[in-house]
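Dear colleague,

Please find below the structure that I am handing over to you. My notes on what was found in it follow directly after.

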Amino acid sequence: MSGLRVNTLRGASTGTSPTFPDGVIVSGVTTSTSFSGNLTGNVTGNVTGNITGTTGTFTGNVSVGGTLTYEDVTNIDSVGVITARSGIRIGAGQSVSAVSGIVTYYGDGSQLTGVESGVSNFVASGNIANGQTVVIKTDGTVGIVTGVSVTQSVGSPVVFESASGPADYMASIYDSTTNKVVLAYMDAGNSNHGTAIVGTVSGTSISFGSPVVFEAATTTYIGMGYDSGNQRVVIGYQDGGNSDHGTVIVGTVSGTSISFGTANRFYAATSKWFDVVYDSAEEKVVVCFTEGNSNGRAVVGTVDPSDNSITFGSTQAFDGNQCDEISAVYDVAHAKTVIVYKDTGDSSVGKAVVGTVSGTSISFGSDVTFQNSAIFYNDVTYDSANEKIVIAYRDNNNSSHGTAIVGTVSGTSISFGTKLVFEAAETNFIGATYDSVNGKVIISYSDNGNSNYGTVISGTVSGTSISFDSPLVYESSYSKVNRIVYDTNSEKAVIAYGDNGNSDYGTAIVYSPGGSSTNLTTENYIGIAAESISNGATGKVNILGGVNSGQTGLTTAKTYYVQKTGSLATSADSPSVVAGTSISSTKILIR
């Protein structure tokens, strides 16, 4: 019935629940404190109180302002946060790709399964096999580590001074801050003035800025070093305009030029055979020289970069005899300065001594003889990979053959291996440097057995010995002085010399050492391919923290390094790049 108002219901007076006869239909507004039984039809409006039931069907949307608690459900489409008491199963045995969006997990991860870590997808540049080491490229793709053999070669000679002065006194260094080569020399075309010039290597050639005079007087016995801490060039020399006294001057390279501070006469007596090294541990410069025709000495200098000045402590003798042809090098691994010289007061034998800098002073151990007969034209370099000293010299007791010997510093002393001939002919004007990229010692010299042609040779240190590759003629004329320095930026060596075939003009040439080149750097190694990836396709790469299982023949619990060719080995190559740690013969943990 429609519009029926029931004013009095049975049971109302007794306080019991009202009842309706079966079939009674009420339309309109019904107010009650409770309903018992089923309600059929639409309920419109708000329901205040609890609703309890065993089933319910909603064909439209349900909005809940508070917390909705329920048991297992099949599908959830939530626009907010889901809180589950006993877990969430994603995909129900399917792949994780069944979930779109971000899943944030709170917990220690111990109950998570099926999660693949240390893997990322990359697009391949070229075909990549499973287990190959890969590098990231600038375009975001990845490619395999590759290395190719390189044959030693030289570029074309470049004249930097159209005068013969450099053929007498010259030194060279590499400025690692500006990536420039700096030459200092006596310019015979300009009243023998001390002059410096800056060179820039590009490919297989070198170009020079304008020469700069640092001493307007006769300048001889030039030695030079680079203070990398203060980014300054330091030149020691005999000042002919000041009674041949020992003098040092500090310079700053800018672009293709160099500017200097005020020269410092640090030793008021005749001084010769200068060399300069930088002690990176103490952040000091060590100037080595000979006091006239007397003893060998060294002094510690402190560079002030604000005005390119330098101050010194007291000089210290390292040998009481007359010492000639001093050359020095800094042993980084042992934080020592090693001075090599010809002891003229002791039959001109070859000697070396180890110096230790402390503050503004230097102390020496006992000198050690490495060649018990006369030497000539010695030079020394430091092999940083093997932490060894290598001395190249002319052995006067063996037909003046070019000879090399490897030294090992221990404490305040040095020991030597067996000497080895690198040129079985009279060898003059020897220079030595170290190729840190290919791990080779490079020696330049004048080969008297071949018309004194300018020649260069590379050697590899192993233990306390050294072996050599084939020599290469870099100048088919009589070459004098032969100062050589390695440019780490261009990965080339620069040889400066006096070209007797061209009026002894100061000349430089770029030498490309033999070895191998690689696309691997210390920064671009990304990991190891977790599967085969075709060119242009997207595939998995094991990255930091991942485990690659595509290896064979590994020794468990060893650190492996990426080699230039892309293979793995337990010894570092150059550059030194760690691939990871082997956890079985076929698996490696990327790190």
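Which residue in E31 does tyrosine 453 stand opposite? Tyrosine 453 faces tyrosine 478 there. Before the details, please note that this is a predicted model, in which local features need pLDDT of at least 70 and side-chain atom pairs count only at pLDDT 80 or more, while totals for chains, interfaces and linings use all residues. Residues are numbered from 1 along each chain as its sequence is written, and side-chain values use heavy atoms, with hydrogens and water left out.

Strands, like helices, are DSSP runs numbered from the N terminus (a strand is E, at least two residues; a helix is H or I, at least four). Two strands pair if DSSP finds at least two bridges between them. Strands of a sheet pair through backbone hydrogen bonds, either parallel or antiparallel.

Strand E29 covers residues 453-462, and seven of its ten residues are buried, so the strand is largely enclosed by the rest of the structure. Here buried means under 20% relative accessible area, exposed means over 50%, and partly exposed lies in between (1.4 Å probe, protein chains only).

- With strand E28 (residues 440-447), E29 pairs in the antiparallel sense over seven bridges. Aspartate 447 stands opposite tyrosine 453. The two strands form a hairpin with five residues between them, and serine 451 in the turn has a positive phi of about 60°.
- With strand E30 (residues 465-468), E29 is joined by four bridges and runs antiparallel. Serine 462 has serine 465 as its bridge partner. Two residues lie between the strands of this hairpin, where glycine 463 takes a positive phi near 65°.
- With E31, E29 also runs antiparallel, joined by four bridges.

**An open sheet**

Five strands form an open sheet in the order E37-E41-E40-E38-E39, with antiparallel pairing. Its edge strands are E37 (547-548) and E39 (568-569), each of which pairs on one side only. Two bridges join E37 to strand E41 (residues 588-590) in the antiparallel sense. In this pairing, asparagine 548 has isoleucine 588 of E41 as its bridge partner.

**Salt bridges**

Side chains of opposite charge can pair when their charged atoms come close. A salt bridge is counted where a side-chain nitrogen of Lys or Arg is within 4 Å of a carboxyl oxygen of Asp or Glu. The whole structure has nine salt bridges.

Lysine 351 meets aspartate 343 in one of them, at 2.8 Å from N to O. Lysine 351 is buried, with a relative accessible area of 6%, and aspartate 343 is buried at 0%. Lysine 351 also forms a salt bridge with aspartate 346, with the closest N and O atoms 3.1 Å apart. Aspartate 346 is partly exposed, at 31%.

Another salt bridge joins aspartate 504 and lysine 480 (3.4 Å, N to O). Aspartate 504 lies in the loop between strand E32 (492-499) and strand E33 (505-512) and lysine 480 lies in strand E31, so the pair ties together parts that are 24 residues apart in sequence. Both count as buried: aspartate 504 at 13% and lysine 480 at 18%. Salt bridges that share partners join Asp343, Asp346, Lys351 and Asp367 into one network.

**Aromatic pairs**

Rings of Phe, Tyr and Trp (its six-membered ring) pair if their centres lie within 6.5 Å; planes under 30 degrees apart count as stacked, over 60 as edge-to-face and the rest as tilted. By this rule there are 22 aromatic pairs. Phenylalanine 266 and phenylalanine 312 form a tilted pair, 5.0 Å centre to centre and with 35° between the planes. This pair links distant parts of the chain, 46 residues apart: phenylalanine 266 is in strand E15 and phenylalanine 312 in strand E18 (residues 309-312). Phenylalanine 266 is buried, at 14% relative accessibility, whereas phenylalanine 312 is partly exposed, at 22%. Phe266 and Phe312 belong to one aromatic cluster that also includes Tyr267, Phe274 and Phe289.

A colleague
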